[in-house]
Amino acid sequence: MKENVHQTTQIIGGMVAGDNLRHAEQLKAALESQDSAFAKAIEQVVKVRDFVGSPEQILGSDKTKHGEIAEQVEVGIRNARDYLRQQTPSATFEGVGRTAPEDYLINSVQVQSKFINGLNKNLDHVLEHMSKYENFGREGSYYHIPRDYYETIQKVLKGESVEGLANRTLQKIQQKAQEIEELSGKSFSAVVKPGISNYTEVQQGKLHDTLDRHEQKLSDENKQIKENIRTDVQPNLGDMAQVSCNAFKLGISSEQDARNTRIVPLLILRFKCQTA
């Protein structure tokens, strides 16, 4: 009897070691895959840094270059987040001319970016663009404006109090939002959406700080993802129960045999479940 129990103990020990090795290999592969994803994400941030590092190649004057910078940040950071989460990059400039009606594509949808100083001026530029391109904003395509401006406009449209805005400014925002809805036949929020960046974040003097913050957020999220991977790959109670079930099938036929093997209490619990 002791010999049988000893042999069974060796078998179960081998099974547990094999199971631990499998988990270790899964963990290693998952962490390496995430490390690669993080590296690809950071590459996207580097691309934006390289672009703004050559200001002579950016369209516009020193006062308007932030418009094209905002486009680069939008595409670069969106793709960085996608890569980090091991998803297909959603934004691209591919196939888009620098003076085309759209500035970039997101999930194959045309997007025009408007980063103008002033709430109403952004809406003016949207309306001008809609008048110039009769299909834009009507068939799924839409506009990006600075995130902070969008949030303020939404407060105005909801009738919320906005400090620092005159009644005349509030009325103009409401009027222009209504014009956009009439031209498009859609709700304002379907035609005008918030970009990733606030207006000041894409100014040339602020951009490197902005990219530093995005990079830090990517790093923080990557650490959390890796921690989740470690948690998910660790053996759980279900795995341990399965090992005990396999032990039962290999010949431990009573609770006393299980005690003799000195296997974890969960194995004894398994026998109780089997004989209940």
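Visitor: Contact here means heavy atoms within 4.5 Å of each other. What kind of model is this?

Guide: This is a predicted model, in which local features need pLDDT of at least 70 and side-chain atom pairs count only at pLDDT 80 or more, while totals for chains, interfaces and linings use all residues. Residues are numbered from 1 along each chain as its sequence is written, and side-chain values use heavy atoms, with hydrogens and water left out.

Visitor: Ok. Which residues of α4 meet α5?

Guide: Ile153, Val156 and Leu157 of α4 meet Leu170, Ile173, Gln174 and Ala177 of α5. Helices (H or I, at least four residues) and strands (E, at least two) are DSSP runs, numbered from the N terminus.

Visitor: And at what angle do α4 and α5 pack?

Guide: The angle is about 95°, and the axes of α4 and α5 are 10 Å apart. That makes α4 roughly perpendicular to α5. Axes are lines fitted to C-alpha atoms, for helices over the stretch in contact, and angles run from 0 to 180 degrees between N-to-C directions. Angles under 35 degrees count as roughly parallel, over 145 as roughly antiparallel, 65 to 115 as roughly perpendicular and the rest as oblique.

Visitor: What else does Ile153 contact?

Guide: Leaving aside neighbours within four places in sequence, Ile153 is in contact with Leu119, Leu123, Ile145, Ile173 and Phe188.

Visitor: Which residues touch the most other members of the largest nonpolar core?

Guide: Ile69, Val73, Val126, Ile153, Ile180, Phe188 and Val192 do, in a core of 45 residues. A nonpolar core is a set of buried Ala, Val, Leu, Ile, Met, Phe, Trp, Tyr and Cys residues joined through side-chain atoms within 4.5 Å. Buried means under 20% relative accessible area, exposed over 50%, and partly exposed in between (1.4 Å probe, protein chains only).

Visitor: Which element gives the most to this core?

Guide: Helix α1 does, with eight residues.

Visitor: Back to α4. Where is Gln154, and is Gln154 buried or exposed?

Guide: Gln154 is found in helix α4 and is buried, at a relative accessible area of 16%. Neighbours within four places in sequence aside, Gln154 is in contact with Phe188 and Ser189.

Visitor: New topic. How do the axes of α2 and α7 cross?

Guide: The axes of α2 and α7 cross at roughly 10° and come within 11 Å. The two helices are therefore roughly parallel to each other.

Visitor: Which residues make the contact?

Guide: From α2 there are Ile69, Val73, Ile77, Ala80, Arg81 and Leu84, and from α7 Leu207, Leu211, His214, Leu218, Glu221, Asn222 and Ile225.

Visitor: What is Asn222 in contact with?

Guide: Gln34, Phe38 and Leu84, again leaving aside neighbours within four places in sequence. Asn222 counts as buried, at 6% relative accessibility.

Visitor: Now the sheet. What is the order of the strands?

Guide: The open sheet of five strands runs β1-β2-β3-β4-β5, with mixed pairing. Two strands pair if DSSP finds at least two bridges between them.

Visitor: Which are the edge strands?

Guide: The edge strands are β1 (91-92) and β5 (192-194), each pairing on one side only. Two bridges join β1 to β2 (residues 104-106), and these strands run antiparallel.

Visitor: What is the bridge partner of Ala91?

Guide: The partner of Ala91 is Ile106, in β2.
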